[in-house]
Amino acid sequence: FLFLDSKKGSINKKILTLGFGAMYLISLYNGLIAHGLLSYENSSEFLAPAFLAFCFGVILIRKYTELQNTDLGRELHTLSLDPPKVKG
């Protein structure tokens with residue numbers, strides 16, 4: 001259902017759907033090799049989780065830059081630069 005929802009969703013949903021879709025296809029390919037339905041070649045087992053992790057990283061960077069461009073992000077940045085003032 002994620003695929004159907006991603007067509008009208010945000011770019012982040014589309015990236016996530018792409019990651020899960022690629023993971024599914026690569027895992028399916030590896031499963032066909034494991035059952036002997038395809039001839040064995042160099043295995044690409046590491047590609048599926050690596051591509052999914054890459055997609056998560058892209059979404060994380062997009063969300064981080066969105067936060068930095070909002071008023072809340074600027075306020076948090078200002079608070080982190082100003083040391084707390086002690087009364088006394």
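Among the contacts in the protein that link residues at least 6 apart in sequence, 45% join residues at least 24 apart. The model is a predicted one, and the protein in it has four helices and zero strands, so that, because helices and strands are assigned as DSSP runs numbered from the N terminus, the elements can be read in the order α-α-α-α from the N terminus on.

**Whole protein**

- Of the 88 residues of the protein, 17% count as buried.
- The protein exposes about 7,300 Å², and carbon and sulfur atoms supply 68% of that area.
- When the whole structure is searched for salt bridges, one is found, and the partners are the side chains of Arg62 and Glu66.

**Packing of α2 and α3**

- Helix α2 covers residues 11-34 and helix α3 covers residues 47-68, and the two pack at an angle of about 175° with their axes 8 Å apart.
- Angles over 145 degrees count as roughly antiparallel, and α2 and α3 are therefore roughly antiparallel to each other.
- On the α2 side, the residues that take part in the contact are Ile11, Asn12, Ile15, Leu16, Leu18, Gly19, Phe20, Ala22, Met23, Ile26 and Ser27.
- On the α3 side, they meet Leu47, Ala48, Phe51, Leu52, Cys55, Phe56, Val58, Ile59, Arg62 and Lys63.
- Sorted by class, this contact of α2 with α3 has 16 nonpolar, three polar and two charged residues.

- The side chains of Arg62 and Glu66 meet in a salt bridge, with a separation of 4.0 Å from N to O.
- Both Arg62 and Glu66 lie in helix α3, where they are four residues apart, or about one turn of the helix.
- Arg62 has a relative accessibility of 30% and so counts as partly exposed, and Glu66, with a relative accessible area of 38%, is partly exposed as well.
- Arg62 is also one of the α3 residues that meet α2.

**Cys55**

- Cys55 is found in helix α3, and since buried means under 20% relative accessible area, its relative accessibility of 2% makes Cys55 count as buried.
- Leaving aside neighbours within four places in sequence, Cys55 is in contact with Ile15 and Gly19, and both of these residues are listed on the α2 side of the helix contact.
- Cys55 and Phe20 are 35 residues apart in sequence, while their C-alpha atoms are 9.0 Å apart in space.

- Lys63 is found in helix α3 and is partly exposed, with a relative accessible area of 46%.
- The C-alpha atoms of Lys63 and Asn12 are separated by 8.9 Å, although the two residues are 51 residues apart along the chain.
- Ala50 lies in helix α3, and with a relative accessible area of 43% Ala50 is partly exposed.
- Ala50 and Gly19 are 31 residues apart in sequence and 9.4 Å apart in space, taken from C-alpha to C-alpha.

Notes: Residues are numbered from 1 along each chain as its sequence is written. This is a predicted model: local features need pLDDT of at least 70, side-chain atom pairs count only at pLDDT 80 or more; totals for chains, interfaces and linings use all residues. Side-chain values use heavy atoms; hydrogens and water are left out. Axes are lines fitted to C-alpha atoms, for helices over the stretch in contact, and angles run from 0 to 180 degrees between N-to-C directions. Angles under 35 degrees count as roughly parallel, over 145 as roughly antiparallel, 65 to 115 as roughly perpendicular and the rest as oblique. Contact means heavy atoms within 4.5 Å. Ala, Val, Leu, Ile, Met, Phe, Trp, Tyr, Cys and Pro count as nonpolar, Asp, Glu, Lys and Arg as charged, and the others, Gly among them, as polar. Buried means under 20% relative accessible area, exposed over 50%, partly exposed in between (1.4 Å probe, protein chains only). Accessible areas come from the Shrake-Rupley method with a 1.4 Å probe; for residues, only the protein chains shown count as cover.
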